[in-house]
Amino acid sequence: MTHRGALTALLAALLAASTVAAQGRTRRHRPPPRSPAGPVELRLLRVERASAVEARLALPTVLPAVTRCLDHARALDPGPLSTLRRVDVVLRLSLAGRASAVELDPPVLARGLSACLGDAFLTWRQSRVSHPRASVHLGLVLRPP
């Protein structure tokens, strides 16, 4: 057999072996990934000068962004979040029902988390705001992973 013929035969054998091996493999289905921040719960505590029903409807719209912020902060530096269990959030609403200001208590010390949470809560939209000093009080509860 010539050098070129041997090389062709070797490549054909490798190709045949790889297709047989690929056909014999089974795929494993993995469960969906869990949030590294652990379960996050956002509770409606109190609504002032606005509709509580509309606030409950707006609550799930901000939860994915809040969870992403916590996951990102935990990936960067898990230390400051290890002892944090609850954050009280106050949203000041405009007459149009948009969040105009966000207050976090206690202040969140994880790097970049306050800004990320502020941006997430500023996406809050609801209807039936009856006064320019309307507010929504929320409780952000973090459970250990």
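Is R86 buried, partly exposed or exposed, and at what relative accessibility? In this predicted model, R86 counts as partly exposed because its relative accessibility is 34%, a value that falls between the limits of 20% for buried and 50% for exposed residues. The side chain of R86 forms a salt bridge with D88, in which the closest N and O atoms are 2.9 Å apart, and D88 likewise counts as partly exposed, at 29% relative accessibility.

The chain as a whole contains 3 helices and 4 strands, which follow one another along the sequence in the pattern α-β-α-β-β-α-β. Of its 145 residues, 32% count as buried, and the accessible surface comes to about 9600 Å², with 59% of that area belonging to carbon and sulfur atoms. Among contacts between residues at least 6 apart in sequence, 74% join residues that are at least 24 apart.

The strands form an open sheet with the order β1-β4-β2-β3 and antiparallel pairing. Its edge strands are β1 (40–48) and β3 (99–105), each of which pairs on one side only, and the twist from one strand to the next averages 20 degrees. In general, strands of a sheet pair through backbone hydrogen bonds. Strand β2 (residues 86–93) is joined to strand β4 (residues 134–142) by 8 bridges, and L93 has A134 in β4 as its bridge partner. Two helices lie across this sheet: helix α2 (residues 52–76) lies across β1 and β4, running at about 145 degrees to β1, while helix α3 (residues 113–121) lies across β1, β2, β3 and β4, at about 140 degrees to β3.

The structure holds 5 salt bridges, one of which brings together the side chains of R143 and E41, at 2.9 Å from N to O. Because R143 lies in the segment after β4 and E41 in strand β1, this pair ties together parts that are 102 residues apart in sequence. R143 is partly exposed, with a relative accessible area of 37%, and E41 is also partly exposed, at 27%. A further salt bridge links E48 with R46, the closest N and O atoms being 3.0 Å apart; here E48 has a relative accessible area of 27%, whereas R46 stands at 43%.

On the surface, L7, L10, L11 and L14 form a nonpolar patch with about 400 Å² of accessible area together. L14, which is found in helix α1 (residues 3–24), counts as exposed because its relative accessibility is 52%, and the limit for that class is over 50%.

Note on methods. Residues numbered from 1 in each chain as written. Predicted model: local features only at pLDDT ≥ 70, side-chain atom pairs only at ≥ 80, totals over all residues. Heavy atoms only, no water. Pairing = 2+ DSSP bridges. Axes fitted to C-alpha atoms, helices over the stretch in contact; angles between N-to-C directions. Contact = heavy atoms within 4.5 Å. Patch = residues over 30% accessible without salt bridge, like charges linked within 9 Å, V, L, I, M, F, W, Y side chains within 5 Å. Areas by Shrake-Rupley, 256 points an atom, 1.4 Å probe, with all protein chains shown as cover. Salt bridge = Lys/Arg side-chain N within 4 Å of Asp/Glu carboxyl O. Buried < 20%, exposed > 50% of the residue type's maximum accessible area, 1.4 Å probe, protein only.
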